[in-house]
Amino acid sequence: MAMTDNDKASRFPDAELKARAAWHYYVEGLTQERISEILGIGRIKVHRILSAAREEGVVQFRIRDSVVECLVLEEALKQRFGLSQAVVVPSAADRSNAPLMIGHAAGAYLADNVNAGDVIALGWGRTLKFAINELPRRPIARTTVVSMLGGLTHAQPLNPTESAWEFAEKIGAECFLLPVPVYADRPEQREAFMSQRSVQDVVFRARRANIAVLSVGSFSTDSPIANYGFIKPSELEELQAAGAVGDILCHFIDADGRLVDHEVNRRVCAYPLQDLSDIPAIILVSGGQEKIAIMRAALANTRISVLITDEDAAKGLLNR
């Protein structure tokens, strides 16, 4: 028998209904009419809930109240993967908005957990870009941000160097960038790039980081790696055929988290994956159904401390 609107609404206690409505309205940017369809309640009730959320302080510069189902998933993720902390946000009604939702939570987490003297090694990706956008502008003394990847030679909205610089600017940190392209044309060029004294200095600084903030990439058609053209479509097909499920720091790994034997991985100018676990706290910020396989691979072979994700990815990670 089909679930009625009242049945759908009754799944959630009032506090959770407010939190879900607030996420969809203030973070995902949905209309009140669309929220009424998702939650199975009338538009007038949606308006009243959002008004009450503002009046009661549920919505401040961040959404204070948590969704009960997300809290349950957070505890399960911590137990399953040995995490010190997990943050799970409601799934976006429009899956393309998942990076926005997760980035909002990641920005709030970083604002609360970056302290004076921290050295932050930074990856790249759409979700991290949203996280940096959400980070409040607040100087934090003696902080350093180090990019873990080379940059893009063609200016793009997403660029590892731009992300590191924007993060550093938000918190008043020193910033160090890898002055090389993210992919060399040939493996021997990569060796020449990475042996330069200026590059070695940045890698050394990244090794001294006490926090790494990373994301992962899938093989979806809208992923930056697929769209930006520095890897040929034929190479992406070869990587998948060789068992790759996605990338971390532009290194392609298999389902067990091991580097795939392919020339692309010998051309990447980035922090070495085998050294990641030397960084005390690694924060993985990623989500969406298309990222489940690569997230599971990263969790299998990298000592992740904190996972910030959404309901879709959390359920997928736990359902195996």
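Is the crossing of α5 and α14 left-handed or right-handed? In this predicted model, the crossing of α5 and α14 is left-handed, a term that applies when the near helix is turned anticlockwise from the far one by less than a right angle, and right-handed if clockwise. The structure is a predicted model in which local features need pLDDT of at least 70 and side-chain atom pairs count only at pLDDT 80 or more, while totals for chains, interfaces and linings use all residues. Residues are numbered from 1 along each chain as its sequence is written, and side-chain values use heavy atoms, with hydrogens and water left out.

Helix α5 spans residues 68–81; helices (H or I, at least four residues) and strands (E, at least two) are DSSP runs, numbered from the N terminus. The axes of α5 and α14 come within 10 Å and cross at roughly 40°, where axes are lines fitted to C-alpha atoms, for helices over the stretch in contact, and angles run from 0 to 180 degrees between N-to-C directions. This angle makes α5 oblique to α14 (under 35 degrees counts as roughly parallel, over 145 as roughly antiparallel, 65 to 115 as roughly perpendicular and the rest as oblique). On the α5 side, the residues in contact (heavy atoms within 4.5 Å) are Glu69, Cys70, Leu73, Ala76, Leu77, Arg80 and Phe81, and they meet Glu311, Ala314, Lys315, Leu317 and Leu318 of α14. By class, eight residues of the contact of α5 with α14 are nonpolar, none is polar and four are charged; Ala, Val, Leu, Ile, Met, Phe, Trp, Tyr, Cys and Pro count as nonpolar, Asp, Glu, Lys and Arg as charged, and the others, Gly among them, as polar.

Helix α14 (residues 311–318) also packs against α13, at an angle of about 60° and with the axes 9 Å apart. That makes α13 oblique to α14. The crossing of α13 and α14 is right-handed. Ile292, Met295, Arg296 and Leu299 of α13 meet Asp312, Ala313, Gly316 and Leu317 of α14. Five residues of this contact are nonpolar, one is polar and two are charged.

Not counting residues up to four places away in sequence, Leu77 touches Gly82, Leu83, Ala86, Val88, Leu307, Thr309, Ala314, Leu317 and Leu318.

Two loop residues were also examined. Glycine 123 is found in the loop between β2 (119–122) and α7. Glycine 123 has 1% relative accessibility and counts as buried (under 20% relative accessible area, with exposed over 50% and partly exposed in between, for a 1.4 Å probe and protein chains only). Its C-alpha atom is separated by 8.9 Å from that of valine 216, 93 residues apart along the chain. Histidine 262 lies in the loop between β8 (251–254) and β9 (281–285). Histidine 262 is buried as well, with a relative accessible area of 11%. Not counting residues up to four places away in sequence, histidine 262 touches Glu235, Glu238 and Leu239.
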